[in-house]
Amino acid sequence: MADPTPDTPDLVRLANGELSLAVAPHAGGAIASFRLGDTPLLREASEEALAAGEATQTASFPLVPFSGRIAWATFSFGGEEHRLARNFGDNPHYLHGLGWRSRWSVGPRGANAVTLVLDHDASSPDAARHWPYSLRAELTYALEPDALTMTLAVENRDARPMPAGLGFHPYFPRRPGATLRLRAASVWLPDENEIPTKREAPKGDTDFSSAKAVETVTLDNAFSGFGGKAELTFPDRRVALTIDAEPLFSHCVVFVPPGKDFFCVEPVSHMPDAIHRMAEVKDHGLRILAPHERLVGTARIAVERLP
């Protein structure tokens, strides 16, 4: 195996053929840069964002031990009431777990792959407000000559059963003519508090069964019955990307905010606020891990040059 590409104090750098990746363990285990030659394939993190360790300003970050929102930063499970520390400014909900707000350690490292590790000990009251169950998370980024593979795992290291989910939050550049195609059975519609309240069959702006120009919609919706594949094209950069996610990722969030230079296509294992919906929504997707049980899922972003 070739020697790894030299790292910097805050970045782990990988390369394989024309593909290169920079990972920021200190910034929530996030991706700082993913490129084909000199062409960015994801939004690139600025030096300021990396200095601040701000995962929401990077190229992608892991969602663990759940994705989306926990409404009003509180939930009951196993006969216990849990109140969480809000983790996204003045947003009243608890977002995306603790992985993206944590410093990860660097584990096994090669030229084409690196594994990051995060241990969370929930024994203190302060730690429990960030997540009330002890756990270990592992995140492996691996570069093939034509793809990035991301594998995320979480192990329940608590003495109690733990609700758990996984996901990835990539930010794609909102380039002129960029399109998205994906299939899903239904789409969740949020209320005024950004919490899903009802769902319907995709239609109009939420129907991506045929390739749709991203610049024509404004969305922040979770899709259920996601088939695991999303196809993106960037004609001006002559690049196509295909997200292939394992069946665990039965949901996908599409986030296209107005006036921004990015959009997100997020393969996730469960619906937003699933912890509050398990009794009424059969396909909520959240898993319950017994002590020492592990949940793992892989998503791949394949890269193709267009003529």
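Biologist: Where does Ser269 lie?
Modeller: In this predicted model, Ser269 lies in the loop that runs between strand β24, residues 262–268, and strand β25, residues 287–289.

Biologist: And is Ser269 buried or exposed there?
Modeller: Ser269 counts as buried, because its relative accessibility is 1%, and the cut-off for buried is under 20%.

Biologist: Which residues is Ser269 in contact with, leaving aside its neighbours within four places in sequence?
Modeller: Its contacts include Gly165, Leu166, Leu248, Phe249 and His284. With Leu166 there is also a polar approach, in which a polar atom of the Ser269 side chain lies 2.9 Å from the backbone nitrogen of Leu166.

Biologist: Changing topic, how many aromatic pairs are there?
Modeller: The count comes to 13 aromatic pairs. One of them is Phe61 with Tyr171, a tilted pair with 6.2 Å between the centres and 45 degrees between the planes. Phe61 belongs to strand β5 and Tyr171 to strand β15, so this pair ties together parts that are 110 residues apart in sequence.

Biologist: What lies over the face of Tyr171?
Modeller: Arg43 does, at 3.9 Å from the ring centre.

Biologist: Last one, how do β17 and β18 run?
Modeller: They run antiparallel and are joined by four bridges, with Trp188 standing opposite Arg199 of β18. Their hairpin has five residues between the strands, and Glu194 takes a positive phi near 70 degrees in that hairpin.

Note on methods:
Residues numbered from 1 in each chain as written. Predicted model: local features only at pLDDT ≥ 70, side-chain atom pairs only at ≥ 80, totals over all residues. Heavy atoms only, no water. Pairing = 2+ DSSP bridges. Helix = DSSP H or I, 4+ residues; strand = E, 2+ residues; numbered from the N terminus. Buried < 20%, exposed > 50% of the residue type's maximum accessible area, 1.4 Å probe, protein only. Polar contact = N/O pair within 3.5 Å; in protein donor to acceptor, adjacent residues only side chain to side chain. Contact = heavy atoms within 4.5 Å. Phe/Tyr/Trp six-rings, centres within 6.5 Å; stacked < 30°, edge-to-face > 60°. Lys NZ or Arg CZ within 6 Å of the ring centre and 35° of its normal.
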